[in-house]
Amino acid sequence: MDLDGGNRRVFNRVGGPSATSTDSSKHQKVCYHWRAGKCTRFPCPFLHSELPHPSGPTTANGSGAPKRFADDSGFSGPAPRRGPNFNNNYNNSWGRMGANKVVRKTEKVCNYWVQGSCNYGDKCRFLHSWSLGEGFTMLNHLDGHQKVVSGIALPAGMDKLYTGSKDETVRAWDTNSGQCMGVINLGGEVGCMISEGPWLFVGIPNVVKAWNTQTNQELSLSGPVGQVYTMVVGNDLLFAGTQDGTILAWKFNAITSSFEPAASLKGHALAVLSLVVGANRLYSGSIDHSVKVWSLETLQCLQTLTEHTNVVMSLLCWEQFLLSCSLDQTIKVWVATENGNLEVTYTHNEDHGLLNLRGMHDSESKPVLLCVCNDNSVRLYDLPSFSERGKIFAKQEIRAIEVGPGGLFFTGDGTGFRVWKWAEPIAKS
């Protein structure tokens, strides 16, 4: 199965952003074209920012503590388990624009600048940068892979970063110098890559490769049929989503120092592209347009969510919420009802299909959502308001994104991978 996108999209895209309602005010009006990201008037007679909500800006976290994410990268521990008396106090905060300024400029990178031949300099109407927005910056661009980077992993406590690619190799990089320290030829395209403790797991067709980065022990976990697209660790089990729609699970045996098959979860009709663990649940997203909820204790399917109308590409847990993104150009926010089932509490619309979600905190501990779109870009949003923080651009489709420590995050595309970092807040005198 080819998920390489580009101009040869094989999946239908349905529904764009719904027409935004014009917020009427006696003396102010928000620019309709700015909301659509297409305003070219300068100066524009209308507002290029959202009007404040009548009730004033709302915060989703009354305690002031940072929100927590749980995703494939192990950004945080699992969210608290929902009780029968769970009460959702955050529904009214989703999608409300806060006080942050929304980033809108000419959102196209100058082709001549990319080639090093733009003569307009600061007067050029197009971007001379791979990003748009404030608060984050690109530290480095590292190349070496011959094809698109499809996996990035940064094992905890190590000074090495690992990247996997469709060129059938894994590269190890020194995080201090940025130099490539070694190349492993796998003989198959890398579908995904994660790290857990000292272990590095790489999914390729029909097998999961496992390396202990401390002892150099190498294992091959058999069982997958076709490509392995996603992996996650939960409840001491390694889960892998495969091309035939099966989710396989292994458990590590410390006595034999090996991973033993533990379970096979069946239910999806087509390939499983995303797995995430949170609230004592395993969530799986599939090409069959559905999201399934599994109990981590019994490994039984508890619920099937069918609100997406196209491929479910990525899942993310944030506090008691589940976020899902799809090629149907939407991000859906799910919350548990009193009976424990999930239902949609908010839908965010994009102009393009969505490929990947990651969550992290900026330098001021504010939660930020990173959304990879199939127009070669990453959108950065505040949560829960979905007010835009910035954009990242690339020459080719971005297929991998990962979060690291200390405000670092990484994006991988066909030209290599880039290292980004949130800037430290300016100390107030």
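Tutor: Let's start with one pair in this predicted model: D413 and R418 meet through their side chains in a salt bridge, 3.4 Å from N to O.

Student: Are D413 and R418 buried or exposed?

Tutor: Both D413 and R418 are buried.

Student: How many salt bridges does a search of the whole structure find?

Tutor: The search finds 11. Another of them brings together the side chains of K160 and D159, with 3.9 Å from N to O. That pair counts because the cut-off is 4 Å between a side-chain nitrogen of Lys or Arg and a carboxyl oxygen of Asp or Glu.

Student: What is the relative accessible area of K160, and what is that of D159?

Tutor: K160 has 27% and D159 has 37%. K160 is therefore called partly exposed, and D159 is partly exposed as well.

Student: Which residue forms a salt bridge with D375?

Tutor: R379 does, and the closest N and O atoms of the two are 3.0 Å apart. D375 is partly exposed, at 27% relative accessible area, whereas R379 is buried, at 5%. R379 falls in the buried class because the limit is under 20%.

Student: Let's turn to strands. How do strands of a sheet pair?

Tutor: In general, they pair through backbone hydrogen bonds, and the pairing is either parallel or antiparallel. Here, an open sheet of five strands pairs in antiparallel fashion, and reading across gives β2-β27-β26-β25-β24.

Student: How many bridges join β25 to β26?

Tutor: Six bridges join them, with β25 covering residues 367–373 and β26 covering residues 377–382; the two run antiparallel. To find your place, look at L369, which stands opposite Y381 in β26.

Student: And what joins β6 to β7?

Tutor: Five bridges do, linking residues 169–174 of β6 with residues 180–185 of β7, again antiparallel. One place to look is W173, whose bridge partner in β7 is C180.

Student: Which residue in the hairpin of β6 and β7 takes a positive phi?

Tutor: G178, with a phi near 80°; this hairpin has five residues between its strands.

How values were computed
Residues numbered from 1 in each chain as written. Predicted model: local features only at pLDDT ≥ 70, side-chain atom pairs only at ≥ 80, totals over all residues. Heavy atoms only, no water. Pairing = 2+ DSSP bridges. Helix = DSSP H or I, 4+ residues; strand = E, 2+ residues; numbered from the N terminus. Buried < 20%, exposed > 50% of the residue type's maximum accessible area, 1.4 Å probe, protein only.
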